[in-house]
Amino acid sequence: MITATVEQKHYLNAEYGLKSWLLTTDHKRIGLLYLGTITFFFLLGGIFATLIRLELLTPPGDLTNSETYNKFFTLHGVIMVFFFLIPSIPATLGNFLIPMMVGARDLAFPKLNLLSWYLLLAGGLLSMWAMFAGGVDTGWTFYTPYSTTYSNTYVIATALGAFIAGFSSILTGLNFIVTIHRMRAPGLTWFRLPLFVWSHYAAALIMVLGTPVLAVTLVLVALERAFRIGIFDPALGGDPVLFQHLFWFYSHPAVYIMVLPGMGVISELVSTFSRRRVFGYGFVAFSSVAIAVYGFLVWGHHMFVSSQSVYASLVFSFLSFFVAIPSAIKVFNWTATLYKGSISYETPMLYAFGFIGLFTMGGLTGLFVATLGVDVHVHDTYFVVAHFHYIMVGGTLMAYLGGLHFWWPKMTGRMYPEGWAKLSALVIFLGFNLTFFPQFLLGYLGMPRRYHAYPDEFQVLHVLSTAGASVLAVGYLIPLVYLVWSLRYGKRATANPFGATGLEWKTSSPPPTYNFDVTPAVTHEAYDYRALAEEETEGVRVG
Amino acid sequence: MAEHIISRKTYTYVFLALLVLTGITTAVAFVDLGALNVVVALAIAVVKMLLVALVFMHVLYSRRLTQITVAGGLMWLAILLVLTMTDFVTRGWLGVPGT
Ligand SMILES: [Cu+2]
């Protein structure tokens, strides 16, 4: 092995200056632009989460009045869903890694990729303007008739922000689909692709097929609100439940836009840190596509108490149970991958274990709420809040942080401090459970969501939850500090510090602008650790 | 892949067909067919959509993958409409308020 003493040219030092970033078409630089943007939105959404938890520390509404509290949870939801979770893994890690994983120089449409980032930024700035102008209080779900007729807040501006961000998502999805179809390196067949690529392909399908429906729905809300055109208001000949159908047609699959890329990350992590090919590769690959397709058939499970016909509810409840199958296939296959593997417990693997446990809890409680009778009891309570936070935070965010640590050396050329990283992973896991497990109990006991005051008997559980949120906040701030620190002081990373397979590890860290000096040819299956070992001994012999 | 050239004659015929169908839609609107009015109007709209997509947008002459993509989009629209209708159509079946 050769250790270079002269600073090599790579994508970070190829060009300098603000213009070289704002006008870049390099998917790696755009990935970093996204990383900065969504970190900002995560912190902003986190501030609102903090305010919510502070208000709920005591039973009476003493920190804010109910109107302000409504704005807090709405802004928390809008920012976290549309400006953090949806772009999180695909736009940062996906953007950075998909071209490298398929052995390409860039995405299929590099300029469109840059436009996607500007659209997210424009949507985010518009929603932030609405926030400072007076906020919005409809909940992130924008339910009618409140959003169209009664709310006196900045509904149209906020919805327009989400609308614009939606196009960012559509274009990213389109870019991924075309890249994966057309730009794979010689020898890289569909069934040799890393599972990260498969799961992003499935998520991209949802982005392209689902997001336009959300966009249309938000436009319809704006039209009815501004011009009294009768779409949802019965007095004007509309149907308020139609809004919920259209909204959840996108927003249920949107959960899979958030969690499928996370599942892709976990497949890579579990394989790398147990040194085994993912068990049942084909099943895991197809289960991603199955989740993407099934995901469109179950949206009515959000509407069991909305006056939706009980016959429709029966169909949606029944179909919802089927979505559990492909998710369970993944969990069982990851577990089977560990069997007889040589497991090591580095930071990314800790996050992977966290994901598997928390996602399973989120998924299983999903079956509770998909059951008609049980849902009537827990609907719109903290049980539901806990359930989807186990999926979105326990699932997606754990995968995002695991992936960020795993590919950090590739992205920046620096190692993060392992001790601090392990500590923060542990703090996040404990803080997360302390925050959200009490919410399952609260919801089951009857604490409704979106209320700023509650009876005294719920206080103990609320105090536990708020305490957990403070632990969680510390857990998120530690990586923010040491990752920034590592940019300057971190140990220099080798090309493949974790001994992982996959083409992205075959190029230097950080990679050159066009990723590979020579277009790689693929001659073996994904996760072939024996081939990797042979290549390395070969390398030593030659070098 | 070489671009398929469609003759000017074909374009003209399709254009005329679209005009005729628009005329029929307008004419039918003045005849009272009860619930059938909507059915007829939508059926004509579907035929027009197919003409535009298949000929004007070249789907008829495109690669299989493009055709599957177009069909997939239509299938997703069908999912949206059919599953929404499972609610709308059956709401009155139980004689209880709120079902
Ligand atoms: Cu759902």
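Biologist: Is A:R449 buried or exposed?
Modeller: This is a predicted model, and in it A:R449 counts as buried, at 16% relative accessibility. The cut-off for buried is under 20%.

Biologist: Which side chain does A:R449 meet in a salt bridge?
Modeller: That's A:D380, at 3.8 Å from N to O. A:D380 is partly exposed, with a relative accessible area of 39%.

Biologist: Where do A:R449 and A:D380 sit in the chain?
Modeller: They link distant parts of chain A, 69 residues apart. A:R449 is in the loop between helix 15 (418–445) and helix 16 (459–489), and A:D380 is in the loop between helix 13 (372–378) and helix 14 (382–412).

Biologist: How many salt bridges over all chains?
Modeller: The count is eight.

Biologist: And how many across the interface of chain B and chain A?
Modeller: One. B:R91 pairs with A:D239, and the closest N and O atoms are 3.0 Å apart. On the chain B end, B:R91 is in the segment after helix 3 (64–90); on the chain A end, A:D239 is in the loop between helix 8 (195–227) and helix 9 (240–272).

Biologist: What else does B:R91 form a salt bridge with?
Modeller: B:D87, again with closest N and O atoms 3.0 Å apart. That puts A:D239, B:D87 and B:R91 in a linked network of salt bridges.

Biologist: OK, the interface as a whole. How much area do chain B and chain A bury between them?
Modeller: About 1,700 Å², with 75% of that on carbon and sulfur atoms. In contact terms, 17 residues of chain B face 22 residues of chain A.

Biologist: Which chain B residues lose the most area to chain A?
Modeller: B:W76, B:L80 and B:L83, which together make up 37% of what the chain B side buries. By class, the side of chain B that touches chain A has eight nonpolar, six polar and three charged residues.

Biologist: How many residue pairs are in polar contact there, between chain B and chain A?
Modeller: Four, counting pairs with both residues at pLDDT 80 or more.

Biologist: Switching to the metal. What coordinates the copper ion?
Modeller: Three histidine donors, at 1.8 to 2.0 Å: A:H252 through ND1, and A:H301 and A:H302 through NE2. Along the chain the donors follow the spacing H-x48-H-H.

Biologist: What parts of chain A does the pair A:H252 and A:H302 tie together?
Modeller: A:H252 lies in helix 9 and A:H302 in the loop between helix 10 (281–294) and helix 11 (310–338), so the pair ties together parts that are 50 residues apart in sequence.

Biologist: Last one: what does A:T148 touch?
Modeller: Leaving out residues up to four places away in sequence, A:T148 touches A:V221, A:E224, A:R225, A:R228 and A:F232. A:T148 lies in helix 6 (residues 146–150) and counts as buried at 3% relative accessibility.

Biologist: And which side chains are in polar contact with the side chain of A:T148?
Modeller: A:E224 at 3.2 Å, and A:T149 at 3.4 Å.

How values were computed
Residues are numbered from 1 along each chain as its sequence is written. Chains are lettered from A and ligands numbered from 1 in the order in which they are written. This is a predicted model: local features need pLDDT of at least 70, side-chain atom pairs count only at pLDDT 80 or more; totals for chains, interfaces and linings use all residues. Side-chain values use heavy atoms; hydrogens and water are left out. A salt bridge is a side-chain nitrogen of Lys or Arg within 4 Å of a carboxyl oxygen of Asp or Glu. Helices (H or I, at least four residues) and strands (E, at least two) are DSSP runs, numbered from the N terminus. Buried means under 20% relative accessible area, exposed over 50%, partly exposed in between (1.4 Å probe, protein chains only). Contact means heavy atoms within 4.5 Å. Buried area is the accessible area (1.4 Å probe) that two parts lose on being put together, summed over both. A polar contact is a pair of N or O atoms within 3.5 Å; within protein, one must be able to donate a hydrogen and the other to accept it, and residues adjacent in sequence count only if both atoms are side-chain atoms. Ala, Val, Leu, Ile, Met, Phe, Trp, Tyr, Cys and Pro count as nonpolar, Asp, Glu, Lys and Arg as charged, and the others, Gly among them, as polar. Donors are N, O and S atoms within 2.8 Å of the metal (3.2 Å for Na, K and Ca); water is not among the atoms, so sites may look incomplete.
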